[in-house]
Amino acid sequence: MKESLKIIQTAELNEQAKKQVLDLWNNEYPEKLSYNNLTDFDNYFQNLSNLTHFLLTSDENLIFGWALTFDRENEKWFAIILSEKIKGQGLGRKMLEKIKQTETILNGWVIDHNNDKKKNGQLYASPMKFYEKCGFEIHKERLELDKISAVKIKWTDKKQ
């Protein structure tokens, strides 16, 4: 499968892609972060500016990974989700490398515990070690909300 997947960069998602990304979000992130419908998911995007999507797609236009970058409070932020079906194949790192080609600084919120359940009942595994291996630094700043407990991470291009 690895050979037939490609990363597509786009400013907007068509309806088919948006539905697949919503399914990916709802299946792979903790259940309490899920969206009930496409309208609610669209509202999430409305609050973000300067969006760029990165889609990891198959030749059949199936989306197995999605990442986005956006601006918030004069900083560049990102999020990334991979299907459980393709984890451990180096594709998350490949997606991050693609994003790093377009940015010099990336900020993100990462769940740093394994206490949340996914929609399928399995525990959500924190990707913290993955981000550390990819050159992100962990900051002291935390996000503590009813739906999420996460720590801020930041990557800076050392070549700049």
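Leaving aside neighbours within four places in sequence, Q20 is in contact with N61, L62 and I63, where contact means heavy atoms within 4.5 Å. The structure is a predicted model, in which local features need pLDDT of at least 70 and side-chain atom pairs count only at pLDDT 80 or more, whereas totals for chains, interfaces and linings use all residues. Residues are numbered from 1 along each chain as its sequence is written, and side-chain values use heavy atoms, with hydrogens and water left out.

Q20 is placed in helix α1, residues 15-28. Helices (H or I, at least four residues) and strands (E, at least two) are DSSP runs, numbered from the N terminus. With a relative accessible area of 18%, Q20 is buried; this term means under 20% relative accessible area, while exposed means over 50% and partly exposed lies in between (1.4 Å probe, protein chains only). A polar atom of the Q20 side chain lies 3.1 Å from the backbone oxygen of N61. A polar contact is a pair of N or O atoms within 3.5 Å; within protein, one must be able to donate a hydrogen and the other to accept it, and residues adjacent in sequence count only if both atoms are side-chain atoms.

N61 itself is found in the loop between β2 and β3. N61 is partly exposed, at 44% relative accessible area, and has a positive phi of about 65° although it is not a glycine. Strand β2 (residues 49-57) pairs with β3 in the antiparallel sense over seven bridges, and two strands count as paired if DSSP finds at least two bridges between them. The bridge partner of S49 in β3 is D71.

Strand β3 covers residues 63-72, and eight of its ten residues are buried. β3 is also joined to strand β4 (residues 75-82) by eight bridges, and these two strands run antiparallel. Within this pairing, W66 stands opposite I81 in β4. β3 and β4 form a hairpin with two residues between them. E73 is placed in the loop between β3 and β4. Phi of E73 is near 50°, a positive value in a residue other than glycine, and E73 counts as exposed at 70% relative accessibility.

Aromatic rings were examined next. A search of the whole structure finds 18 aromatic pairs. Rings of Phe, Tyr and Trp (its six-membered ring) pair if their centres lie within 6.5 Å; planes under 30 degrees apart count as stacked, over 60 as edge-to-face and the rest as tilted. F130 and Y131 form an edge-to-face pair, at 5.1 Å centre to centre with 65° between the planes. F130 is partly exposed, with a relative accessible area of 28%, whereas Y131 is buried at 6%. Ring pairs also link W25, Y29, Y35, F41, Y44, F45, W66 and Y124 into a cluster. R72 lies over the face of W77, at 5.1 Å from the ring centre; a charge sits over a ring if NZ of Lys or CZ of Arg is within 6 Å of the ring centre and within 35 degrees of the ring normal.

N120 is found in the loop between β5 (105-110) and α4 (128-133). A polar atom of the N120 side chain lies 2.9 Å from the backbone nitrogen of Q122. The C-alpha atoms of N120 and L145, 25 residues apart along the chain, are separated by 22 Å.
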